[in-house]
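User: Hi! Could you walk me through this structure step by step?

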Amino acid sequence: MENTAVPEVGPTRRRVVELFLGSSMFASLVSFVYPLLRYLVPPPVADLGGDEVIAAKVGDLKLNAAKIFRFGNRPGLLLRIGEGEYRAFSATCTHLSCTVQYRTDLHEIWCACHNGMYDLNGRNVSGPPPRPLEKYQVHVRGEDLVVSRKREA
Amino acid sequence: MFASVRKWLDARFDWAALTAPLRKKTVPVHKLSHWYFLGGITLFLFGIQVCTGILLLLYYRPSSNEAFESVQYIMTRVQFGWLVRSIHSWAANLMIFTAFCHMFSVLFLRAYRKPRELTWVSGMILLFLAMGFGFSGYLLPWNTLAFFATKVGTDIAGQVPLIGKPLMIFLRGGEEVTGATLTRFFGFHVAVLPGITTLLILVHLALIQRLGMSVPPGVEAQRTAQPELSREMHFFPNFLLRELMAWYIALGVLGALAALSPWGLGTKADPFASAPAGIRPEWYFMFMFQTLKLIPAKIWRLDGEVIGILLFGAAGAIWTLLPFLERNGKGRSQRWILGAGIFALAYMASMTVYGYLAK
């Protein structure tokens, strides 16, 4: 009869050992996985472009012509649509991030990847693009065509 | 859930029969059993190398213009990058160390004897491959020390009679150590060597699985005399759990070394700068480096350097074929091999210490 109390001791002890073992294994697992996950995230790259760039010289563009310029880490599209009338947009298609081009024959901005169309105000007019292209300001400063964008708040 | 997955597999692949050898496998228990852990620890460290190596590949750039900067980037900008690289460097050194310990323990416990000759040969080739990993990986950060170590190392390969020159050009990707060498070494380090090594490890493990663990001759005699005292342990799970504990300790040592003493980077290699004073190779090449320093320029009419290289080559080849040089049951050849082993260990240890103490 004295033995009846003994079996309870075994399982309880075992549970305590399991608890210690399990939690320390869990803790070490976390200590391996956490640095690993942090390592996998690439450090942020500084956008060295700033908010303003000289996209071209005044004489560079003919009428009804366009050029791609570098704006920070991304391409931009500069158009000359009239005498002294310039427009600039982000050249990254809002659909799947291809780089768009100006179609001189259609007078529209076209994305070759999925046949997306934007008008000369950057509005998405046909095809898959869901949003208009981001619009930039263009200023003529002496001989330079300066493209700027609003600083993000 | 675990049981139902097993049942599912069992119904399709006869899982129980597939894993039967693993469950039947036993490990002899005796006073020298702990030496059985060394090979497993080496394997574990190789696994660490594969994992951390893949992580380093996410940021490393193998060109002479970018390699140093990319490693610098890993060490300073990437979160825990210093830890990953330090673990890779430390584990590499520990792996070579445990591989050497494993080799000498197998030698002194005479585990290489019949029927395990090929296990020894595959193990020796794995040891050479590990040194190849060390040599090729050392260059990848493209720092001054690595640049000159590679210059000297490939030049040594170039001294080998007949095949030396083409071999050196093959290794360097040209006459000199340049960015082309870095590209090659990168290819060797992350593709060629891992491929061959993985295959050979599988062969090595298959041989061990097939032949079982060797029992040292002294212990074997005892066991035949008193069979009632010979004990065995199941590989799964008894031995494996002990092995896992050894791995965990190895990981602890590794983590402590990497965290407390992160691996340095040095200065970027400049092919048109003089070699800095006190330049020396990794410690596992030290005994050869020191020997070559001590050999006179001319021995009789031959270059001392060439003789040294040929002697080391011959020693390596003989070492690899050691089990075939021991004639069965002959006490003399056994004592000869034991003596050679002690001599080799003493020579390597003293030359290494000498190399570090000498100016």
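Analyst: Happy to! Two strands pair if DSSP finds at least two bridges between them. Helices (H or I, at least four residues) and strands (E, at least two) are DSSP runs, numbered from the N terminus. This is a predicted model, in which local features need pLDDT of at least 70, side-chain atom pairs count only at pLDDT 80 or more, and totals for chains, interfaces and linings use all residues. Residues are numbered from 1 along each chain as its sequence is written, while chains are lettered from A and ligands numbered from 1 in the order in which they are written.

User: In strand 4 of chain A, which residue is the bridge partner of A:G76?

Analyst: Strand 3 (residues 74–82) and strand 4 of chain A run antiparallel and are joined by six bridges. They form a hairpin with two residues between them, and A:G84 in the turn has a positive phi of about 70 degrees. In strand 4 of chain A, the partner of A:G76 is A:S90.

User: How many of the six residues of strand 4 of chain A are buried?

Analyst: A residue is buried if 20 or more other C-beta atoms lie within 10 Å of its own, exposed if 12 or fewer, and partly exposed in between, with C-beta atoms placed from the backbone. Strand 4 (residues 85–90) of chain A is largely enclosed by the rest of the structure, because the buried count among its six residues is five.

User: How far apart are the C-alpha centres of domain 1 and domain 2 of chain A?

Analyst: The domain bounds, from an automatic or database domain assignment, are 2–40 for domain 1 and 52–148 for domain 2 of chain A. The distance between their C-alpha centres is 61 Å.

User: What is the radius of gyration of chain B?

Analyst: Chain B has 15 helices and four strands. The radius of gyration is taken over C-alpha atoms, and the globule rule is 2.2 Å times the number of residues to the power 0.38. For 359 residues that rule gives 21 Å, and chain B comes close to it, so it is as compact as a globular protein of that length, with a radius of gyration of 23 Å.

User: How far apart are the end C-alpha atoms of helix 5 of chain B?

Analyst: The expected span of a helix is 1.5 Å times one less than its number of residues. Helix 5 (residues 81–108) of chain B has 28 residues and should span 40 Å, which agrees with the distance between its end C-alpha atoms, 40 Å.
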